[in-house]
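Subject: Structure for you to look at

Hi,

Here is the structure I said I'd pass on. Have it open while you read, and click through to the residues as they come up.

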Amino acid sequence: MSFKKWLSIFLASFFIVIGGTCLVNFIFNPDGFFRPKYWPEPVFTSTDGRNSKPSYVATNAEKFSCVIIGGSNAGFLRTKTVQELTGQSCFNSCVTYGFFGDYLCLVDFYAKTMPNLNEIILNISTTEIGVEKDTKEMPHTAMPIYLCKKFELHPFLKSLMKIPSVKYFLKRPPQRHELDNTESGEEPHDDVYDEEQMQKRVLQDGVFYWRITSLCTSEKRNLPYLKQSLIELQEIKNICDSYGIKLTVMIGAAFISKKDWFESNEFYDWLREISKITEFYDFSGFNEINLNPYNFFDVHHFNKKVGDKMLRIIYGAEEIQNFGEKITSENIESYLERRRTEYEKVKDEFRRTGTIRLFDKSHPSYVE
């Protein structure tokens, strides 16, 4: 047999084995998600943990008794702080561009996968209700579902998959952020410290003015996802109740100019409906912390120090007036009345002065 013929047979055999291994890995997907639960096409992304985080939980489910779920804002809630306050080993499962459909998929999966799960912390950032979920325009938001926790490949295939080049070809490399936001180290620019950064990130180099103008002169908001979000929140609550899991719902701190996304009577009606499903903590109102730009990473995200503050309030380690009130079906009406009154004060200030007064690092509202 000539060398050329032998080499051709060898290469053909090699690629047949590789192709077969790829096919097995594609079909059984032992290390991550494979097909979406609510959408027709499988979507994969390595940027937001939709694959890596549930995959990690599937093989480390017994390690954790608490999980944080939410959009990117939830990434600023430190698992270390939760553990200090509650004694629970916590896992942060935040995703980019989170929606209630995503959260429902994760809650369903974690409830069935994590035998020691006692509590789910659900952070709502309000962005979920302001953008219609369209997986054609935003395909990376389609949440796939994990098919099998573990698949034992044939020993030969298992050994083959240990070869670095084959492993890289067949499987996604592990992500450092898949565990939580403490093991992966603090992100750079965790908090905005100087005037230049604050102006660029939070005030958006002048965008602040037209956003508060919209907030104070118009109450028209595009909130197409309100009704569906309530349906999915109710399903989340039902799953938690059926598995005996405590559901802690929080609406995180929101900088004053971000409120032009949602502040409206329609939003207040939505809060009322949430209170019928579950009690929750609302940090998004008109309070001094939300008027201090130095408390925010950017216009859409509170920083981790504020995240710590909210967790301490939720677990009773601290109390701040008008920040993080526990809302129930019994006190929702009085809360909404106060919030409307505070909103009118803000609009009146804008009419009188043409702006909204913000605080700086010297003010007690600055979270250090």
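Below is what was found in it, topic by topic.

First, some ground rules: this is a predicted model, where local features need pLDDT of at least 70 and side-chain atom pairs count only at pLDDT 80 or more, while totals for chains, interfaces and linings use all residues. Residues are numbered from 1 along each chain as its sequence is written, and side-chain values use heavy atoms, with hydrogens and water left out.

**The overall picture**

The protein has 13 helices and 10 strands (DSSP runs numbered from the N terminus: H or I of at least four residues for helices, E of at least two for strands). Of its 368 residues, 54% count as buried (under 20% relative accessible area; exposed is over 50%, partly exposed in between, with a 1.4 Å probe and protein chains only).

**The sheet**

Six strands form an open sheet with mixed pairing, in the order S3-S2-S4-S6-S7-S10. S3 (90-94) and S10 (325-327) are at the edges with a single partner strand each, so one side of each has no neighbour in the sheet. (Strands pair if DSSP finds at least two bridges between them.) From one strand to the next, the twist averages 20°. S2 (residues 66-70) runs parallel to S3, with 5 bridges between them, and isoleucine 68 sits opposite asparagine 92 in S3. Helix H11 (residues 265-277) packs on the sheet, touching S4 (119-124), S6 (246-251) and S7 (280-282), and its direction makes about 150° with that of S7. Touching, or contact, means heavy atoms within 4.5 Å; axes are lines fitted to C-alpha atoms, for helices over the stretch in contact, and angles run from 0 to 180 degrees between N-to-C directions.

**Tyrosine 209**

Now find tyrosine 209, in helix H9 (residues 207-217). Tyrosine 209 is partly exposed, at 48% relative accessible area. Which residues does tyrosine 209 touch, not counting those up to four places away in sequence? They are Phe350 and Gly354. Tyrosine 209 and glycine 354 are 145 residues apart in sequence, yet 9.0 Å apart in space, C-alpha to C-alpha.

Among contacts between residues at least 6 apart in sequence, 82% join residues at least 24 apart. Tyrosine 209 and Gly354 make a handy pair to start with, as they touch.
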